[in-house]
Amino acid sequence: MRHVFIEDYLFGEDLKINLLGLKKECREIETLILKNAKPIDTPKKIHYDLKTTSLYSQYNVFTYSGSTIQSLYKKIKQSVTPFLSDRNDYMIQAWLNIYHKNQSIGWHRHYPAVAKTWHGFFCVSTEDTPSFTYYKICPAETEYKVISRDNLLVFGKSENDIHCTSTWTSEKPRITIAFDIIPIKYLYNSPADRVQINHFLPF
């Protein structure tokens, strides 16, 4: 089933991914990331202490070879590609968000509107307690709330919005996989992003 959360901006689709297998692979990936990633001096404030989120620029979830994570990669491509401009070639960067009790991600934005990127996330394990992602399309102050449901893919333009998550209150971790889809021409014209090009995969 497909959804429109914000007209002509934010969309969703219910997938049928093996969540038990995906959750297991996510925890394996988490272990590898925390073992191999370089320490960071100043984590971005918006990430609080979500370790795998703060390290997002050092890895790409979809470079891992687990069968379920690769199945998700293919499903995201099938769902999102029809919305993309056929005038651009794209790359994808993806990371784990693993929330423990009392953690959240604050209001933030991703790429500037000129980049014409897309951002999204997939709900792996989000239903132990109610949780939400909030969006605002600037400069308007209207707030939209997307309710988390396991196996829900949420994706949309990354142009004029800011978004954040609710505080997680369960003892069990909340797991999502987030991603940015970026035109190649923007990456190569942006020196700050070009140095991270090894973390992007063709989309």
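This report covers strand pairing and nonpolar cores in a predicted model.

**Strands**

β1 and β2 form a hairpin, with 3 residues between the two strands. Asp 8 sits in the turn and has a positive phi of about 60 degrees. Within this pair, Ile 6 has Leu 10 of β2 as its bridge partner.

β5 belongs to an open sheet of 3 strands, ordered β6-β5-β8 with antiparallel pairing. β6 (143-147) and β8 (161-165) are the edge strands; each has a single partner strand, so one side of each lacks a neighbour in the sheet. From one strand to the next, the twist averages 25 degrees. Thr 133 has Val 146 of β6 as its bridge partner.

| Strand pair | Sense | Bridges |
|---|---|---|
| β1 (residues 2-6) and β2 (residues 10-14) | antiparallel | 4 bridges |
| β5 (residues 132-137) and β6 | antiparallel | 5 bridges |

**Cores**

The largest nonpolar core holds 46 residues. Leu 22, Phe 62 and Ile 177 touch the most other members. Elements that each supply at least two residues include α1 (19-36), α3 (67-80), β4 (118-125) and β9 (174-183). β2 and β5 are also among them. β3 gives the most, with 6 residues.

Phe 62 has contacts beyond its neighbours within four places in sequence. Among them are Ile 69, Leu 72, Tyr 73 and Ile 76. Phe 62 also contacts Ile 92, Ala 94, Ile 177 and Leu 201. Gln 70 is another contact of Phe 62.

A second, separate core has 6 residues, including Tyr 111, Ile 182, Leu 187 and Phe 200.

Definitions and conventions
Residues numbered from 1 in each chain as written. Predicted model: local features only at pLDDT ≥ 70, side-chain atom pairs only at ≥ 80, totals over all residues. Heavy atoms only, no water. Pairing = 2+ DSSP bridges. Axes fitted to C-alpha atoms, helices over the stretch in contact; angles between N-to-C directions. Core = buried A, V, L, I, M, F, W, Y, C linked by side-chain atoms within 4.5 Å. Buried < 20%, exposed > 50% of the residue type's maximum accessible area, 1.4 Å probe, protein only. Contact = heavy atoms within 4.5 Å.
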